[in-house]
Structure formats: structure tokens, C-alpha cells
Amino acid sequence: MDVLKTTIVPLAYLLSAVMFILGLKRLGRVRTARRGNTLAAIAMLIAIVATLVDLGTVDYQWILIGLAVGTLVGAVSAIKVPMTKMPEFVALFNGSGGAASALVALSVVWLKVIEPMKVGTVADAVGGGAQSFTIALSVLVGTLTLSGSVVAYLKLAETISGKPTLLPGRHVLNALLVVGALGLGVWFAFMSDDPEQLRTALLVLVGVSFLLGITLVIPIGGADMPVVISLLNSYSGVAASMTGFVLSNNVLIISGAMVGAAGLILTKIMCDAMNRSLANVIFGGFGADETTGKGGGGEYVNVTSAGAEEAAMILEDAQSVIFVPGYGLAVAQAQHACRELADLLQERGVDVKYAIHPVAGRMPGHMNVLLAEADVPYEQLIEMDEINPEFKNTDVSIVLGANDVVNPGATRDKTSPIYGMPILTVHESRTVFVVKRSLGAGFAGIKNELFEADNSLMVFGDAKKVLTAIIGELKQAN
Amino acid sequence: MTGALLIGIYVFVLAIFVGFEIIAKVPPTLHTPLMSGANAVSGITIVGALSAATTGHPTIANILGCAAIVCATVNVVGGFLVTDRMLAMFGEKKKKK
């Protein structure tokens, strides 16, 4: 039995950590991704079994209840969630990961300090200052991941406005909250020795962290959501890692750190795709009135609009077509209609491709997932750097609910708030259809020169309806 | 600084580097699956959660532990399943082609 606990269990954890590494590595290559995911799932199973073995004979009642409820909720939601709701889903899952880490840290405190009414510092009770301070960090990071994710979810679900909400003096407020939380953490971890005080300190810390998550995410606009979601993903890993320090468990430290790294890499990719620094995204309040004074606003003049019939006529003569999907495609759930039109064009011998901007949509890879759901072969989805040289030889580009990522102002208007952001150069193609509900500004609230360009045709309407109408016209013409 | 803590910090820092190395160049198609897969992996907190809910009678510690198990399990089961669902979509098309 002793060998089991002192040798087998730690080795099982090591095996699990190695499998997590291999699994995540494979998850980064298209061909091996699915196996990588399965490998990571098996690694998780090994870690869970090892933990249960390590626990030995304890009362399993609550464990089983928790596992059953969690499995049910997790499985049902994972199977039921439509692909269009994936950003919301990922946001909520980030939150639940953060909550789990915070709850573990809290329960350790209750178990070892508050319930035994032990007098003495937390550091003494839980085995050292590192453990007690990482408890505070777990609670801090875990809770702010939870509340930040909930705000992100509410923004994505459009329960609250996707526009940045700028609180007055928010930088000062955030700084105060961070300093307050850390100070409280230090006091909790090393200084206080009264269980009553400790409990109060911990509850206040939960409150402060929760508030911090809200104040950090609420100023960030909808178009910057891919950055926020990747960052929250990173936080949920860091929270797990901190819990690993609390429990002196290396498999938690390793897996958590790798998730933290993965989230940071995605965050960086997203920031690079907008040519902005992380600090600018987090503190910028981008897209709110104070930053869009110069390049934004203004009425559109010289806009040419067309109906589905005219669009279909132009498409009849096209040899090459590039679809440029954006968030509007997701909102209208037009991915299937888009695929249908693509099929129809391909049957007529037209060369069809899709141009994918890294930050199109509301989470990293959003467009890829949507189009995959509609069975668009991923070989047709072309990344920005590869597709940009092709626009000038393209007959028709169809912009479906994308705005800022196709705004030529980003390359030539130095006063534009998005100046410097790499864009899809759709304006170089012979004709551009911009399918859009109205001339209203995008999330960033910036005027788009593309709409006034001579080769642009605005096709007003819901993306799905417009596409269906074009399909109808094309079929009739046959 | 205790030996265990020092080793923990070593492991933490090295794991971050491993993470950066193995995921550095991920194609955009996999951004979402990588995120949801990584999310499932962060459900590893379940290991801590399990050890936190081991008494039969409901104490506050136990209730917190049980809630942690629920959250972590949702993460693990939901995360791996939804990732598999997405990746299956990517795979199918390849066969069709």
C-alpha cells in the first residue's frame, strides 16, 4: 500500500503530465489534433484514477455526486451547443475552470484552518508560506477568471452591450483593486492568525477579485473579444497551476502552466493580427467615443447599393470569387447558405476561396469552426498573408458581415484608430459585394472607406437572406 | 525557501517554456479547438477538488470541494467532448474531398 502511494501514484502523475504535453503538441497540428485531444483526455483519466487511489478509503458520497452532476452538465452542454454559440461556450468554460481552482483553494482553507478553529497563521496550518500565499493567488486569479468570463459571456450573448463600457477613473480603480487584493493576500497568508479574521479576509478577497474581473473586461469592446477569451483561457491555466502549488502537486503545476502558455500564445497571435499591444487592448477602451473622434464618424457619400438580382448577374460572369466572412456571418447563421452559394459557383467552374482574418469573429478561429460546421473543406480557407496577393486577380469578393478587417483606412489613414492593423485587401478585387444589414459602424465605430469605393456594391440585408436570394437568382438564370 | 517550493517553481517555469515551444506555430483552423482543449486540460484542478471533498457529512469545506468537483468535471468532460466534436468536423471534410 505504501509503495502504491509513494511511488506508483507519483509516477502515474508523471505519466499523465507527459501525456498532456504530447496531447497539446498534437492538438497544434491539423492531422494529429483529434488524437491529441483523446490523448489528453486519457491523461486526465489517469490523473483522476491516481488521485482516487491516493485518497484510499474515504467517504465517496460527495465525490460521486460532484462527478455525476459535472459529467451530466458538461456532456449535455458539449453535445447540444450549436457551433454558432461556441464563443459563449468557451467563455463560460473558462469561467468554470477558474471557479474550480478558486473553490479548491477555499475548501483547503476551510478544511485546515477555519473548521478546526486553529489559532495560528495560515502558513503554519497548510505547510508553509508558499502554500498559504498561493491559496490567495488561486482565489484571486480563479475568481477574476470567473467574473471576467461571465462578463465576456454576457457581451457575446449580447445580454449587455458589446460596446466598451468606460467607468470613470477605471485605471485608478483597477490599480486599487489589484493592490488591495494582493495586500489582502499577503495579510491573509502570513500575518493574521485568527480564524474569524481569516474568514472575513478571504471573503473580502473573493469580492475584490470578482469585482476586478468585471472592471477588467467591461471596458473591452466586442471586436476585441478574441483577445479577452484567449487571455481568460490563459488565466484559467494559471489558476490551476497556483492550486498545484497549494497542494504541492506537480501535475497541476505543469498542466496549468502549459494551458497558461497556450492562452498567452493565442493572445499574442490575436494582438499581432490587430497590430496592437496587449496593454492597448486591455487598457485602451478601444472603440469607445474618446478614441474614435478623429478617424471615425462622418456620413457616407457615394455609396452604390444593389439587390440580389444585380449581384447574381455579376456573379454569373465571374471566374474567381473570394468569400470574406466576419462576425455578421455568425450572427445571421449564414454559413450553410454561404457554402451552398459556393457549391453552386463551383459547379459553374468558378474558383472559390475563403479569406480568413485571424481576428474575424469573436474568438480565435471562430470563422474556421463556423465554416467547418457547414462542411467547407478547410483547404479552401486561406490565411490573410496568403490570400492578400490574390485579391487583385479576383473578380468578386463577397464580404459577409466583416467590417474593420477589410477597412482600407487601416493601411492609409494615419488618423484612423485602427491604423496599422493588417487587413484583407478586398478593395483590390474587381468588384466587392459588401453584405451588411445597414451602413451602421462596426464594433469599433469607425467609418469604412471600402463602402464608398467605386468597385464596391453594398447589398443591404441579413447575410443569410441575401445569400439565399442570390442563390435563387442564379438558379433561375440557369 | 523550502526545497519543495523551489522545485515547484522550477517545474512551473520549465513547463511554461515547454508550452511555448510545443504550441508556438498553431494554424488558425486549430485556434478554437486548441483553446477548448487547453480549457479541458485546465480542468486538472479536479485532482485537487477530489481531495477536498472526502468527508461524509456536509461541512462547508466539503460543500466547497463538491462545488469544485462539479465545476472541474464540467470543464473536463465538456471541454474534451466539444473539442472532439469540432475536430471531427474538420476530419470529415477531408475524407469527402
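Me: Where in chain B is Gly65(B) placed, and what makes Gly65(B) count as buried?

Reply: In this predicted model, Gly65(B) has its place in helix H4 of chain B, which covers residues 60-96. Its relative accessibility is 0%, and because buried means under 20% relative accessible area, Gly65(B) counts as buried.

Me: Which residues is Gly65(B) in contact with, once its neighbours within four places in sequence are left aside?

Reply: Contact requires heavy atoms within 4.5 Å, and with those neighbours set aside Gly65(B) is in contact with Ala49(B), Ala52(B) and Ala53(B), and also with Ser107(A) of the other chain.

Me: What elements make up chain B, and how many helices and strands does chain B have?

Reply: Chain B has 4 helices and 0 strands, so that from the N terminus on its elements run α-α-α-α. Of its 97 residues, 63% count as buried, and among the contacts in chain B with a separation of 6 or more, 61% are accounted for by residues 24 or more positions apart.

Me: How do you know that there is a salt bridge between Asp84(B) and Arg34(A)?

Reply: The rule asks for a side-chain nitrogen of Lys or Arg within 4 Å of a carboxyl oxygen of Asp or Glu, and the closest N and O atoms of Asp84(B) and Arg34(A) are 2.9 Å apart, so the pair is called a salt bridge. Across the interface of chain A and chain B the rule finds 1 salt bridge, while the count of residue pairs in polar contact between the two chains, both residues at pLDDT 80 or more, is 14.

Me: Why is H9(A) described as largely enclosed by the rest of the structure?

Reply: Of the 23 residues of H9(A), 20 are buried, and H9(A) is therefore largely enclosed by the rest of the structure. This helix, residues 225-247 of chain A, reaches 33 Å from its first C-alpha to its last, close to the 33 Å expected at 1.5 Å a residue. After H9(A) comes Ser248(A), whose phi is positive, near 50°.

Me: What makes Asn249(A) buried, and which atom lies 3.0 Å from a polar atom of its side chain?

Reply: Asn249(A) is found in the loop between H9 and H10 of chain A; its relative accessible area is 9%, and because the cut-off for buried is under 20%, Asn249(A) is buried. The atom in question is the backbone nitrogen of Val251(A), which lies 3.0 Å from a polar atom of the side chain of Asn249(A). Leaving aside neighbours within four places in sequence, Asn249(A) is in contact with Tyr13(A), Gly244(A) and Val47(B).

Note on methods: Residues are numbered from 1 along each chain as its sequence is written. Chains are lettered from A and ligands numbered from 1 in the order in which they are written. This is a predicted model: local features need pLDDT of at least 70, side-chain atom pairs count only at pLDDT 80 or more; totals for chains, interfaces and linings use all residues. Side-chain values use heavy atoms; hydrogens and water are left out. Helices (H or I, at least four residues) and strands (E, at least two) are DSSP runs, numbered from the N terminus. The expected span of a helix is 1.5 Å times one less than its number of residues. Buried means under 20% relative accessible area, exposed over 50%, partly exposed in between (1.4 Å probe, protein chains only). A polar contact is a pair of N or O atoms within 3.5 Å; within protein, one must be able to donate a hydrogen and the other to accept it, and residues adjacent in sequence count only if both atoms are side-chain atoms.
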